[in-house]
Amino acid sequence: MKTTRRQFMIYSASGLATLSLAQQAQAQALIAETEPQAVALGYKALATAVDKAKFPKYADGQICANCTLYQVKSPEAGGCAVLPGKLVAAAGWCNVYVKKA
Ligand code: SF4
């Protein structure tokens, strides 16, 4: 069966759309606390789980959602400048926390 130019264009556009969606889904994944970048920053998906002895900088009420580096993506998660390519939990925290002005 011979592929027409029109069919080729449709298949190409479809393939690119699928690839783009797959990349977006991968980029939108929540970072795991066990990932090396997260471990290095002391990231916890739930701020109340932070070990206060290990991270004395942490104070109650500090969460990613009120950190100046947080970029809202949804009510539960957002982007973070120090953990690029993944989402952090709105209720999370890491040792780079800077209170939003
Ligand atoms: S820098 Fe801020 S937004 Fe990013 S993980 Fe740390 S506390 Fe959360």
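In what sense do strand 1 and strand 2 pair, and over how many bridges? The legends below take up this pairing and its surroundings in a predicted model.

**View 1. Strand 1 beside strand 2.** Strand 1 covers residues 70–72 and strand 2 covers residues 77–80. The two pair in the antiparallel sense, over three bridges. Four residues form the link of the hairpin that joins strand 1 to strand 2.

**View 2. Strand 2 beside strand 3.** Strand 3 covers residues 87–89 and pairs with strand 2 over three bridges, in the antiparallel sense. Ala89 in strand 3 stands opposite Ala77, and Leu87 in strand 3 stands opposite Gly79. The hairpin of strand 2 and strand 3 has six residues between the strands. In this hairpin, Gly85 takes a positive phi near 85 degrees.

View 3. Strands of a sheet pair through backbone hydrogen bonds, in either a parallel or an antiparallel manner. Here the sheet is open, its strand order is 1-2-3, and its pairing is antiparallel. Strand 1 and strand 3 are the edge strands, since each pairs on one side only. On average, neighbouring strands of this sheet are turned by 50 degrees against each other, with direction ignored.

**View 4. The residues around the ligand.** There are 14 residues around the ligand. Those that come nearest are Cys64, Cys67, Cys80, Cys94 and Tyr97. Which classes of residue make up this shell? The shell has 13 nonpolar residues and one polar residue, and no charged residues.

Methods
Residues numbered from 1 in each chain as written. Predicted model: local features only at pLDDT ≥ 70, side-chain atom pairs only at ≥ 80, totals over all residues. Pairing = 2+ DSSP bridges. Near = placed C-beta within 6 Å. Nonpolar A, V, L, I, M, F, W, Y, C, P; charged D, E, K, R; others polar. Axes fitted to C-alpha atoms, helices over the stretch in contact; angles between N-to-C directions.
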